[in-house]
Amino acid sequence: MAPSQKHCEDPGPTVRLVFLGAAGVGKTALIQRFLTGRFESRHRRTVEELHGLECALGPRRVSLEVLDTSGSYSFPAMRRLSIRRAHAVALVFSLAEPDTFQEARRLRDEVAALRAGEDPPLPVLVVGNQADLLPGGLGPRPPLAEHLAATAELEWGCSYLETSAKQDYNVQRLFQDLLLQVPLPCPGLPSPALRRRRWTEGQARVAPQGHAGGKRASCSVQ
Ligand SMILES: Nc1nc2c(ncn2[C@@H]2O[C@H](COP(=O)(O)OP(=O)(O)O)[C@@H](O)[C@H]2O)c(=O)[nH]1
Ligand SMILES: [Mg+2]
């Protein structure tokens, strides 16, 4: 993390990350794993929950908002509003239940329709969660997962990541990938392309900050 005196005084721009996907795919579990470091095996229905934390992106500070959505069809107006206001979207499905990929496809179409023609395009990261439940666990990708990854990357033009909230696999990276793709009008902040290259070269990190055992209040991406 950059020393705090190097940060600008203002809280910086707000960056909104929105988690979409069918109910039960692990949206809440991924967010809770990131914020608290913990995993809960019980499924509790989410309506909509907004989490806020401070995040240092290199020398700049941003107010990070993470929106956890219900994944049900009951709140279409809320969903459309959250898509319109998003700076980046995590489109989560379960690798253990490939049918949930169809819901991801439907949501991806809705995102594409609502945010059509934007330059740069809204970053959308397709997240195959519950990877620990694949035959072979977190080992090599089975052919079905390979096919879903190729659809997300080649057909939809999105980036793709496999995660496990349960095993804490790629959860930091999920937030890092989303944050690195957000274009910010920040003086002194490297471009998304350079930030992504730093990540690829292993220089970028999301560092946990804040409360041990409690909810994380801040994070840092170098
Ligand atoms: N094995 C496994 N279970 C998970 C994982 N992520 C979530 N779950 C479980 O899946 C169920 C639904 O998770 P939840 O986060 O509530 O889903 P949401 O409706 O998308 O928010 C819960 O019982 C979680 O414990 C994971 O990566 N692996
Ligand atoms: Mg939930």
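How many of the residues of α1 are buried? Nine of the 10 residues of α1 are buried, so this helix is mostly covered, where buried denotes 20 or more other C-beta atoms within 10 Å of a residue's own, with C-beta atoms placed from the backbone. This is a predicted model, in which local features need pLDDT of at least 70 and side-chain atom pairs count only at pLDDT 80 or more, while totals for chains, interfaces and linings use all residues. Residues are numbered from 1 along each chain as its sequence is written, and chains are lettered from A and ligands numbered from 1 in the order in which they are written. Helices (H or I, at least four residues) and strands (E, at least two) are DSSP runs, numbered from the N terminus.

**Helix α1 and its surroundings**

- The buried residues of α1 are K27, T28, A29, L30, I31, Q32, R33, F34 and L35, and what covers them includes β1 (14–20), β2 (48–57), β3 (60–69), β4 (88–94), β5 and α5.
- After α1 comes G37, which has a positive phi near 80°.

**Packing of α1 against α5**

- The two helices α1 and α5 pack at an angle of about 95° with their axes 9 Å apart, the axes being lines fitted to C-alpha atoms over the stretch in contact, and angles running from 0 to 180 degrees between N-to-C directions.
- That angle makes α1 roughly perpendicular to α5, a label that applies from 65 to 115 degrees.
- On the α1 side L30, R33 and F34 meet V171, L174 and F175 of α5, contact requiring C-beta atoms, placed from the backbone, to lie within 7 Å.
- The residues of this contact divide into five nonpolar, no polar and one charged, with Ala, Val, Leu, Ile, Met, Phe, Trp, Tyr, Cys and Pro counted as nonpolar, Asp, Glu, Lys and Arg as charged, and the others, Gly among them, as polar.

**Shell around ligand 1**

- Of the 21 residues around ligand 1, those that come nearest are G26, K27, T28, A29 and K166, a residue being near if its C-beta atom, placed from the backbone, lies within 6 Å.
- Helix α1 (residues 27–36) gives the most to this shell, with three residues, and the shell as a whole divides into five nonpolar, 11 polar and five charged.

**Backbone features in loops**

- A cis peptide bond, with omega about 0°, joins D119 and P120, and P120 lies in the loop between α3 (100–114) and β5 (124–129).
- Q130, in the loop between β5 and α4 (143–155), has a positive phi of about 60° although it is not a glycine.

Notes. Buried ≥ 20, exposed ≤ 12 C-beta atoms within 10 Å, placed from the backbone. Contact = placed C-beta atoms within 7 Å. Parallel < 35°, antiparallel > 145°, perpendicular 65-115°, else oblique.
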